[in-house]
Amino acid sequence: MRYFDLQPADDLSALGRITQDIGDVSGRDPLAALKELEDLLSISLPPLDSLRRCQIAEQWEVLGNYSAAEQQLAEINWEGLPEDIAAQALLRKASLCRWMNDAPQAIHLAKKALELAQRVADDECAGEAAAVIGYAYWLLDEYEMAYDALRQSVETLGRTKSLRAFAQACWSLTYVCNLLGRTSEAQEVSERGIVALTSSPKGDTPFGQTILGHLRASQGMIAFECGNVEIALMIHERALDHWMSTNDPRLLANGYRNVAEIHFATGNWDQAEALLEQAAYLISDADPAIRCSTLIMMSRLAARRGKFSDARLLLADATMLASQSNSRSLLAECRDALGETDFLEQNYADAERNFAEARDFFIKMNQPSRVAYANLRLAETRLAQGDLDGAQRLYEVACDLTARASNRLLEAHVERVSGKLALARGEAQVGLSALMRSVACFEGLNFAWQVALAYFDAGTATGDGIPLTRQREWLETAISIFRHLGTAPHLMAAEAALVELNRRTPVTLQDLPGINLTQVERLTAATASAESVARELAAIIDSYKVTVALFAENADGEVLVIAARGLEAETVQDLGALLRRRLENPDAPHSDAIRFERLWRAETHPSRHRPRSFWIHLGRLKPDIEPLIHSLLRLAGVSLELCHLRAVVEEIAAAQKVGEARVDDAILADLGLVGASAAMRDIAERIARIRDSSVTVLITGESGTGKEVVARAIHRASARRAKPFVAFNCAAVPAELIESQLFGHKKGAFTGADKDALGVIRAAAGGTLFLDEIGELPLQLQPKLLRFLQEREVHPVGAERAVAVDVRIVAATNRDLAREVAARTFREDLFHRLNVLNIALPPLRERRADIPALAQVFLQEAMARNRKTVTLSEAALAALTAQDWPGNARQLQNEIERVVALADDQALLTPSAFNFAAGSLEPPPAGVTDAIFPEGQVPPKLADAVALLERHLISESLKRHAGNVTRAAQELGISRPSLYAKCKTYGITISKAVGS
């Protein structure tokens, strides 16, 4: 029997308020909630006092005081306890066992709690119990069972209002899906958790920031496993930003370790070492899991640098911590790291034993990707011991596992081992081709260590038909990377191999290679885009130790850098400027000391969205390789022409498809647009035409016409729809902060910069950045935005180097930018950069056909917010359509919101309900300025005046609505999270604002 079934309705209502206001710890101070609950406990009667003790135990659990939580639960009288409260008490005991690493007992108690909760139809308790079961199985490394329980938990909690429990379950399920290789499901679940948190004010609490950090970190793991290393680094840095706001050393240590893993993989070993030392300093033995994983990574770094004694000492401490925590996953990582140390020390028998033990752990935990990696390491170990057949069998198992997953990094490792096996069988050309494919993969992923190993393997290969000059180049490249990384053993081995190669075979002209099959394959395989062909050409020319820079000329005559090798960045920029001047004035005399050759030019079907020509600058060519290089240039020209023709065919097909498609109501709905006018259908058609393009768009129109709605439609229709859409209002940020908000900053760059900030441009990476009110951007910042639009790189405030960002820009303004350019208040070059495609949004009075559709949409939204059902009469709809609406759609929406808020439920709205004269702008009555600004003195700075005005309007609205945040936000035309944020900014306490 449920306790709540026995209580009067008024008592249940009061209890519901207490639970909502106190029991939900995610949005409140746990100590304050604890004090209120203890006060209530003194007046509670059985069995309500048992529920109170459960809530108090939960607060102590949040604060990490498990003994105090256990003491509260021990005082519960279980005799005659109703089933719903008994379920809560069992859940709390199970949760305590989980945190105290007693996973079997946690599972036992949580299953009993789940059974009781399901019997009394308490979804929230049932969902939390399933989450505890899943987490406990996770601790036991039983990932399939953890997945089943957590999947049940997420689906159950998704039907409740418990954001705290739902977000935690999403994070746990995301992590387990990652371990099982279910990356698409992990991505989906993490997005659900992030959307739930970011759309709630609780996302800004320490709890919200903690879980957001975990969800972002899981997404970073997904990106890393898929080979998107730069995106993974950006996501992990965002997770670290979330955790920094919590001041929790465990979370910060975990964040530093995650970022260090990316730097470790990409060859930034000094930076990785500094981050790992910082993580080790922050974390103590109180959290053995994070400390253990940190020590494992430190040991891998030490081993690769040849510090084998240090690596073994670190691994001894890590193994002890892994054994104490009884974690099979950590023990597997320890064995794998120990095997790598043995392999680097050439203790192959010990390496094989440790790799095999790690593989057995991964098999038991059902982690196919990790099993594949372990088999590849075992194959290399067998190969080093001369067991070719054994290595081949292990390699085939790894190939079979790799084929089931989509993992670029794993595929690159498979190619490298395949090359080594082919070389061992005497198949030199097959082996070198596989090694070069692995090099291309690892270079694309920016994995410097693996690139160097593949070059070293190719440089030390033996067999007939191997070009000796290429082997020298491969060894020289490997030596350069090993020297940069600081890995002494491999550097010595590569240098010794190069000396031996030079001693055995002095260089002769006959050794110089011609165009080989591999080079032809690389150039023809890169025809997916013209830029890929250019970059591949630069890499091939660089292999001959010739400096090279490649440029593209676009339809506007601008010169863009595509690829460069062997040249300083400033030199490349100077070359680009020189080429631009020569293209603008081809008849002007110029020096032949610096030469450019045209690779290709579009003779047919020119387009604004594709390069018009490609140009190359080469360093000094030796006579013996000059014919070879020019042959490569001709081949690249053919490949560029193929790219051009393919793009032309695709554009013609897309244009025919769009032309045949009728822009009907379904297409408008898919784009998120509302309307029936010809103007809106034309806009929808233009958006459909650019859906496969990332062209910059400028949206113009009066305030309130829906420019952001159109921007979101552009994003929704594009290939970037799965990536972020970030809106930034250039007029809403003070001028002194706008640079940091846009481009980000480094910690310590200015007063108050206590941590790194990404900035909205990097936050929108891969997606769309909407720059609203672009005409308000300060003149002194316009050159920096222009540089970003040209180079697609941002330079955070205080940073030493620029960061490349792939983001689409959509800007909007209600100003006449052409007039602003004439008045010299807006840069002409920036205007042309933004105005690549212009979408002019007409005012509502010029598209009256849209008013009925908009009115019905706004009516439905207002009814949902106000929980009323009203009807709009035909006469009212006709009257709305007849109005000019100087405030456009925003004014129409606010008027309907006002009318619905004042109307009775089930009312019929007639024209008399609307205030059609309210749209006229009248001067404020006397005394309004005195009420807003102290002593009637308007501050000289616009930002200060706006801040005072906002503070006044927010305070007055909260007074009128008696502290009802939802109603106040609706009246002000902003979201609830925005209102909470503004209250925090202006120091407005809602209760005080109402009482004043």
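Predicted model: local features only at pLDDT ≥ 70, side-chain atom pairs only at ≥ 80, totals over all residues.
At one end of the order, strand 5 (residues 697-700) runs parallel to strand 11 and is joined to it by 4 bridges. Within this pairing, Leu698 has Asn838 of strand 11 as its bridge partner.

Strand 7 covers residues 768-772, and Thr768 lies in it. Is Thr768 buried or exposed? Its relative accessible area is 0%, so Thr768 counts as buried. Neighbours within four places in sequence aside, the residues in contact with Thr768 are His715, Arg720, Pro724, Phe725, Val726, Val807, Arg808 and Val810.

With residues up to four places away not counted, Leu771 touches Phe728, Cys730, Leu742, Leu785, Ile809, Val810, Ala811 and Ala812.

In soluble globular proteins, nonpolar side chains tend to be buried together. Here the largest nonpolar core has 204 residues, and Leu769, Leu771, Ile774 and Phe788 are those with the most contacts inside it. The element that gives the most to this core is helix 9 (residues 163-179), with 11 residues. Another core, of 29 residues, lies apart from it; Ala534, Leu537, Leu550 and Ala636 are among its members.

The last topic is the cysteines. A disulfide is a covalent bond between the sulfur atoms of two cysteines. How many disulfides does the model have? With a cut-off of 2.5 Å between sulfur atoms, the count comes to 0. Cys54 is in no disulfide, and the nearest cysteine sulfur, that of Cys125, is 9.1 Å away. Conversely, Cys125 is in no disulfide either, and its nearest cysteine sulfur is that of Cys54. Cys54 has a relative accessible area of 3% and is therefore buried. Cys125 counts as buried because its relative accessibility is 1%.

Key. Residues numbered from 1 in each chain as written. Heavy atoms only, no water. Helix = DSSP H or I, 4+ residues; strand = E, 2+ residues; numbered from the N terminus. Buried < 20%, exposed > 50% of the residue type's maximum accessible area, 1.4 Å probe, protein only. Contact = heavy atoms within 4.5 Å. Pairing = 2+ DSSP bridges. Core = buried A, V, L, I, M, F, W, Y, C linked by side-chain atoms within 4.5 Å.
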